[in-house]
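Okay, everyone, thanks for coming. I'd like to walk you through one chain today, so let's get it up on the screen.

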Amino acid sequence: MAAVWWSRPGTRLLFLLLAAPLLHVAVSLEPISMGIAIAAASAITGYVSFPEFYCGRLVECCQVDKPLNGTALQADLQEKLFGQHLAHEVIYRALTGFLSNENPKKPLALSLHGWTGTGKNFVSKIIVENIYEMGMKSKFVHLFVSTVHFPHNSLTPLYKDQLQSWIRGNTSRCARSIFIFDEMDKLHPGLIDAIKPFLDYYEHIDGVSYRKAIFIFLRYSTTAWIYYKNLLFR
């Protein structure tokens, strides 16, 4: 059941789980009872053919086309993000514009920088919670912390392969995947090179489109970011 992302495979799986007891009982019933059981099974199949029936109730689904509640996002930014009026407006416009575009030309990349305590991680949490109900616990949200996930420079080639494989695999399962990179100022340049191809104007890379994915980059200082920004967005 955890593999449900599309309605048809999900329908088949849920139908087997929910309708099988009915069909088992129907074997020993008369024709009229058999018809009732089959009708009930058909009704169940009809319900579970709609993602609205099981998404959020039975499983977490990747609903790429689910509209963003701009009013809720704006309220969260106004009520929870203090003293950051410029960031509020930029984030709101970037998210609402990107998520309302049915055919974006490239992924959304947001870079948040500032000293400790300025709310970088808090802003990313607000963004995620307005897209996925489970927030940071969503299986479609992926957080990388440089000093935790990529601690050894000598293993950069291995990290590079693993990171690209992780981004590719998860985006192929859910086009609206969110990738958060914390401590970007401590990330090895080789790993930045590994991320760059996914941020460009490619329609597909090895059969996978990344145009609806979201990348959020968090870094400690503005000075260090100038160097990394040139690497990522040149």
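First, how I'm naming things: helices are DSSP runs of H or I with at least four residues, strands are DSSP runs of E with at least two, and both are numbered from the N terminus. Keep in mind that this is a predicted model, where local features need pLDDT of at least 70, side-chain atom pairs count only at pLDDT 80 or more, and totals for chains, interfaces and linings use all residues. Residues are numbered from 1 along each chain as its sequence is written, and side-chain values use heavy atoms, with hydrogens and water left out.

So, the overview. We have 10 helices and 4 strands, and from the N terminus the order is α-α-α-α-α-β-α-β-α-α-β-α-β-α. The chain has 234 residues, and 40% of them count as buried. For me, buried is under 20% relative accessible area, exposed is over 50%, and partly exposed is in between, with a 1.4 Å probe and protein chains only. Contacts are heavy atoms within 4.5 Å. Among contacts with a separation of 6 or more, 71% join residues 24 or more positions apart.

Let's go to helix 5, residues 85–99. Which residues of helix 5 are buried? They are His 88, Ile 91, Leu 95, Phe 98 and Leu 99. As for partners, the buried residues of helix 5 pack against helix 4 (70–80), strand 1 (108–113), helix 6 (120–131) and strand 4 (214–219).

Lys 212 sits in the loop between helix 9 (189–195) and strand 4. Leaving out residues up to four places away in sequence, Lys 212 touches Val 64, Asp 65, Phe 98, Glu 102, Pro 104, Ala 175 and Arg 176. Take Asp 65: 147 residues separate it from Lys 212 along the chain, yet their C-alpha atoms are 9.9 Å apart.

Now helix 8, residues 156–173. With 18 residues, helix 8 reaches 26 Å from first C-alpha to last, close to the 26 Å expected at 1.5 Å a residue. Its buried residues are Thr 156, Tyr 159, Leu 163, Gln 164, Ile 167, Gly 169, Asn 170 and Thr 171. Covering them we find, among others, strand 2 (141–145), helix 7 (146–149), strand 3, helix 9 and strand 4. Gly 169 has a relative accessible area of 18%, so it is buried. From Gly 169 to Val 208 is 39 residues in sequence and 9.0 Å in space, C-alpha to C-alpha.

Glu 183, in the loop between strand 3 (178–182) and helix 9, has phi near 60°, a positive value in a residue other than glycine. Asp 206 also has positive phi, near 55°. Asp 206 lies in the loop between helix 9 and strand 4, and at 65% relative accessibility it counts as exposed.

On a 1 Å grid over the protein atoms alone, a cavity is a set of points where a 1.4 Å probe fits but cannot get out, and a pocket is an open set with protein on both sides within 12 Å along at least five of seven lines; lining residues have an atom within 4 Å of a point. Grid points are joined across faces, edges and corners, and the volume is the space filled by probe spheres set on the points.

The largest pocket holds about 420 Å³. Of its 20 lining residues, Gln 63, Lys 66, Ile 131, Tyr 132 and Glu 133 lie nearest the centre. Helix 6 gives the most to that lining, with 3 residues. Gln 63 is in the loop between helix 3 (51–54) and helix 4, and counts as partly exposed at 32% relative accessibility.

And there is 1 cavity of 30 Å³ or more, lined by residues including Lys 106, Phe 198 and Arg 211. Happy to take questions.

Terms used
The expected span of a helix is 1.5 Å times one less than its number of residues.
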